[in-house]
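Open your viewer and get ready to select residues by number. We will walk through the model stop by stop.

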Amino acid sequence: MRHLLTIGLLCCCLTVLGQVSIGIKVMGLTFHPKPSPHPQLYPNGWDEKGKWVQIGGVFLTVDWEVVPNRLALHAAQGLMLDCSNQFAGFSHLGVKGLYRQGRHTLGASMGPSWFYRKTWRDISGYVDEGLFAYNEKWQHSFYWYAGSIEYDYRISPTHSLSANLIPGWP
């Protein structure tokens, strides 16, 4: 509870210093460009090679515009069921470039990200690709260079529809 109050207070302070946008986004689909060594582990896979997999999750984003309509500090926290229907998440902090034209906004964020999931080591058929560090119950990876690309269409002065691409490995 203390952390939520701290985050709320921080968001209130940032609104005094500039425009803050808060978003709640739904995740639904992931694409693996290279074939998976274990597509049989994906119960919601759309193809035999494990390239397209339906996932479920939400992520919260906060953007603080430090240069109006051009540059923002960007934070995202995601919680989801991964390709094997197990709990996973990611945390991202970055700098986000913005381009606005009327109701349209295009943004690209770059900065460090941390990806974590419940370990797959106990799942029969899992092939370790060397992408994660392990502890007893979790797998995790940290990336200095991760980011996202986002398109927003403003439907009212305070609401937008958004489409996001979060390229990443894995």
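Predicted model: local features only at pLDDT ≥ 70, side-chain atom pairs only at ≥ 80, totals over all residues.

**Stop 1: the nonpolar core**

Select Met80 and Phe90. The largest nonpolar core has 15 residues, and these two touch the most other members. Now colour strands S2 (52-67), S3 (71-81) and S4 (87-101). Each of them supplies at least two residues of this core. S2 gives the largest share, with 3 residues.

Stay on Met80 and show its surroundings. Which residues does methionine 80 touch, leaving out those up to four places away in sequence? The list is Met27, Ile55, Gly56, Gly57, Gln86, Phe87, Ala88, Gly89, Phe90 and Phe115.

**Stop 2: a nonpolar patch on the surface**

Switch to a surface view. Select Tyr99, Leu106, Ile149, Tyr151, Tyr153, Ile155, Leu161 and Leu165. Together they form a nonpolar patch on the surface, with about 770 Å² of accessible area. Strands S7 (138-156) and S8 (159-165) each supply at least two residues of the patch. The largest share, 4 residues, comes from S7.

Pick out Tyr153. Tyrosine 153 is found in strand S7. Its relative accessible area is 31%, so tyrosine 153 counts as partly exposed.

**Stop 3: aromatic pairs**

A search of the whole structure finds 9 aromatic pairs. Select Phe59 and Phe90 to see one of them. How far apart are the ring centres of phenylalanine 59 and phenylalanine 90? The centres are 5.7 Å apart and the planes stand at 55°, so this pair is tilted. Phenylalanine 59 is in strand S2 and phenylalanine 90 in strand S4, so the pair links distant parts of the chain, 31 residues apart. Both phenylalanine 59 and phenylalanine 90 are buried.

Next, select Phe87 and Trp138. The ring centres of phenylalanine 87 and tryptophan 138 are 5.9 Å apart, with the planes at 80°, so this pair is edge-to-face. Phenylalanine 87 belongs to strand S4 and tryptophan 138 to strand S7, so the pair ties together parts that are 51 residues apart in sequence.

Are these two buried or partly exposed? Phenylalanine 87 is partly exposed, at 36% relative accessible area. Tryptophan 138 is also partly exposed, at 32%.

One more selection here: Tyr42, Trp120 and Tyr126. These residues form one aromatic cluster.

**Stop 4: salt bridges**

Now look at the charged side chains. The whole structure has 4 salt bridges. Start with Glu150 and Lys25. The side chains of glutamate 150 and lysine 25 meet in a salt bridge, at 3.0 Å from N to O. Glutamate 150 lies in strand S7 and lysine 25 in strand S1 (residues 20-31), so the pair ties together parts that are 125 residues apart in sequence.

Check how covered they are. Glutamate 150 counts as buried, at 5% relative accessibility. Lysine 25 counts as buried too, at 11%.

Glutamate 150 and lysine 96 meet in a salt bridge of 3.1 Å, N to O. This pair links distant parts of the chain, with glutamate 150 in strand S7 and lysine 96 in strand S4, 54 residues apart. Lysine 96 is buried, at 2% relative accessibility.

Move on to Glu65 and Arg100. In the salt bridge of glutamate 65 with arginine 100, the closest N and O atoms are 2.8 Å apart. Glutamate 65 is in strand S2 and arginine 100 in strand S4, 35 residues apart. Glutamate 65 is buried, with a relative accessible area of 7%. Arginine 100 is partly exposed, at 25%.

**Stop 5: two loop asparagines**

Finish in the loops. Select Asn69, in the loop between S2 and S3. Phi of asparagine 69 is near 65°, a positive value in a residue other than glycine. Asparagine 69 is partly exposed, at 36% relative accessibility.

Now select Asn85. Where does asparagine 85 lie? Asparagine 85 lies in the loop between S3 and S4. Phi of asparagine 85 is near 65°, again positive in a residue other than glycine. Its relative accessible area is 38%, so asparagine 85 is partly exposed.

Note on methods
Residues numbered from 1 in each chain as written. Heavy atoms only, no water. Core = buried A, V, L, I, M, F, W, Y, C linked by side-chain atoms within 4.5 Å. Buried < 20%, exposed > 50% of the residue type's maximum accessible area, 1.4 Å probe, protein only. Contact = heavy atoms within 4.5 Å. Patch = residues over 30% accessible without salt bridge, like charges linked within 9 Å, V, L, I, M, F, W, Y side chains within 5 Å. Areas by Shrake-Rupley, 256 points an atom, 1.4 Å probe, with all protein chains shown as cover. Phe/Tyr/Trp six-rings, centres within 6.5 Å; stacked < 30°, edge-to-face > 60°.
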